[in-house]
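Biologist: I have a model open on my screen and would like to learn how to read it. Could you walk me through it?

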Amino acid sequence: MKPVVITGTGLYRPPHVITNAELVEAFNAYADRQNALHAEAIAAGERAPMTHSSVEFIEKASGIKQRYVLEKDGVLDPARMRPKFAPRPDEQLSLMAEIGVAAAQGALAQAGLQGSDIDGVLCAAANMQRAYPAMACEIQAAIGARGYGFDMNVACSSATFAIEQAANAVRCGTARRVLVVNPEITSAHLEWRDRDCHFIFGDVCTAAIVEAEDGARGGTGTAPWRVLGTRLVTQYSNNIRNNAGFLNRCEDTDPDARDKTFMQEGRKVFKEVVPMAAAHIEGHLAELGLRPAQVRRYWLHQANLGMNQLVIKRLTDRAVDDDLAPIILSEYANTASAGSVIAFHAHRADLQAGDLGVICSFGAGYSVGSVVVQRL
Ligand SMILES: CC(C)(COP(=O)(O)OP(=O)(O)OC[C@H]1O[C@@H](n2cnc3c(N)ncnc32)[C@H](O)[C@@H]1OP(=O)(O)O)[C@@H](O)C(=O)NCCC(=O)NCCS
């Protein structure tokens with residue numbers, strides 16, 4: 001098996017910021033409008049009034065302070081409450097591919113590569129904007145890559161699951177250099193009208209280059225990171241679910257119904273996923289003959305500050321700090337599968353040769369994916 005390295009990462013950050021204050025103002029205006037619209041039913045006790053959201057709750061319950069989005073006006077319009085994207089002709093680069101290419105360019109530059117050096121493209125994300133052709137094929141064409149491309153979706157674990165597929169392809173020699181791209185347009189699947197979750201997500205795109213260690217050139221990035229191991233697990237749960245899909249039109253259901261966007265039992269997810277993720281990481285490290293305390297940095301999935309604190313506490317009995325497990329969700333919110341890759345992208349340059357790190361995602365499925373890396 002060939003040794004595999006990650007030689008570059010890239011990040012596309014959307015142009016618009018929505019602060020918690022802006023978000024709550026829009027939500028509360030929407031709630032007031034709904035309550036006025038249904039005043040009679042509410043007065044008759046036939047309908048519960050909508051309750052206001054609050055900045056204090058959001059920050060305390062999640063640690064999120066703001067999020068980036070591709071389009072802001074539609075989200076903050078109480079008469080709309082979702083982004084407004086202009087449809088594009090088929091000849092134009094699609095939105096997912098556009099942000100995928102932007103992130104890919106950064107990763108290629110870090111790795112010292114051109115698009116034509118790539119012979120595999122994986123577009124891995126929690127939502128795909130169309131059924132086919134695969135966005136990966138579109139990105140492959142746009143950057144001039146060779147080989148093959150395919151889309152894959154394991155919700156919030158899409159990126160780590162794709163890094164394993166890429167690493168396996170390189171290990172086996174079926175590809176030499178694989179580009180993993182995670183365009184997460186979460187603003188389009190988030191239910192901005194639901195107080196329980198309207199604050200959760202943000203848009204972003206990350207990319208990573210996974211390649212054979214011999215022949216890795218190095219570009220503008222930090223040193224290569226050897227992939228010591230990858231480990232994936234899934235365990236079926238309905239606690240995070242989205243029923244949008246191609247059968248909807250045949251089921252004669254409302255395409256705007258609540259179950260056609262992101263839904264979760266947040267408390268249950270919190271309680272069930274924390275022990276699952278901590279045990280997964282511990283087991284993966286043990287397989288490699290390592291202990292959690294030997295790990296210099298954990299780049300964890302970014303859904304909730306409290307979840308990451310508990311995962312780290314279970315693993316190391318230490319309090320989480322930005323040096324051990326950097327938190328990026330205060331700025332980006334939950335960016336689905338891209339969160340742990342943003343943390344790895346932004347917080348690895350200060351580590352030394354020989355330092356060990358774990359990239360770990362957790363989310364719907366349930367799914368947990370870990371990648372143990374060592375700086376060369
Ligand atoms: C979503 C999450 C932040 C909610 O936090 P929580 O502490 O579980 O909050 P709850 O949903 O239990 O709500 C607590 C209270 O706050 C209220 N509340 C909910 N949303 C609110 C809001 N936006 N503003 C003010 N109050 C709110 C609830 O109504 C509830 O009130 P009650 O106690 O009177 O019933 C948290 O559960 C979480 O992050 N879970 C994991 C999510 C995750 O990782 N998902 C993966 C997605 S990929």
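Biologist: Which helix gives the largest share of the shell around the ligand?

Modeller: Helix 9 does, with four residues. Helices (H or I, at least four residues) and strands (E, at least two) are DSSP runs, numbered from the N terminus. Before we go on, this is a predicted model, in which local features need pLDDT of at least 70 and side-chain atom pairs count only at pLDDT 80 or more, while totals for chains, interfaces and linings use all residues. Residues are numbered from 1 along each chain as its sequence is written, and side-chain values use heavy atoms, with hydrogens and water left out.

Biologist: How many residues surround the ligand, and which are the closest?

Modeller: A residue is near a molecule if one of its heavy atoms lies within 4 Å of it. Here 20 residues surround the ligand, and the closest are Cys-156, Arg-195, Gln-264, Arg-267 and Asn-304. By class, the shell has 10 nonpolar, seven polar and three charged residues. In this scheme Ala, Val, Leu, Ile, Met, Phe, Trp, Tyr, Cys and Pro count as nonpolar, Asp, Glu, Lys and Arg as charged, and the others, Gly among them, as polar.

Biologist: Which polar side-chain atoms lie by the ligand's nitrogen and oxygen atoms?

Modeller: Look for polar contacts, pairs of N or O atoms within 3.5 Å; within protein, one must be able to donate a hydrogen and the other to accept it, and residues adjacent in sequence count only if both atoms are side-chain atoms. A polar side-chain atom of Ser-53 is 2.9 Å from a ligand nitrogen, and an N or O atom in the side chain of Gln-264 is 2.8 Å from a ligand nitrogen. For Asn-304, a polar side-chain atom lies 2.7 Å from a ligand oxygen.

Biologist: Is Ser-158 buried or exposed?

Modeller: Buried means under 20% relative accessible area, exposed over 50%, and partly exposed in between (1.4 Å probe, protein chains only). Ser-158, found in helix 7 (residues 158–172), counts as buried because its relative accessible area is 0%. The side chain of Ser-158 also reaches the backbone oxygen of Ala-125 at 3.3 Å.

Biologist: And what about Gln-165?

Modeller: Gln-165 lies in helix 7 too, but is partly exposed, since its relative accessible area is 31%.

Biologist: In which sense do strand 4 and strand 5 pair?

Modeller: Two strands pair if DSSP finds at least two bridges between them. Strand 4 (residues 120–124) and strand 5 (residues 148–152) are parallel, with five bridges.
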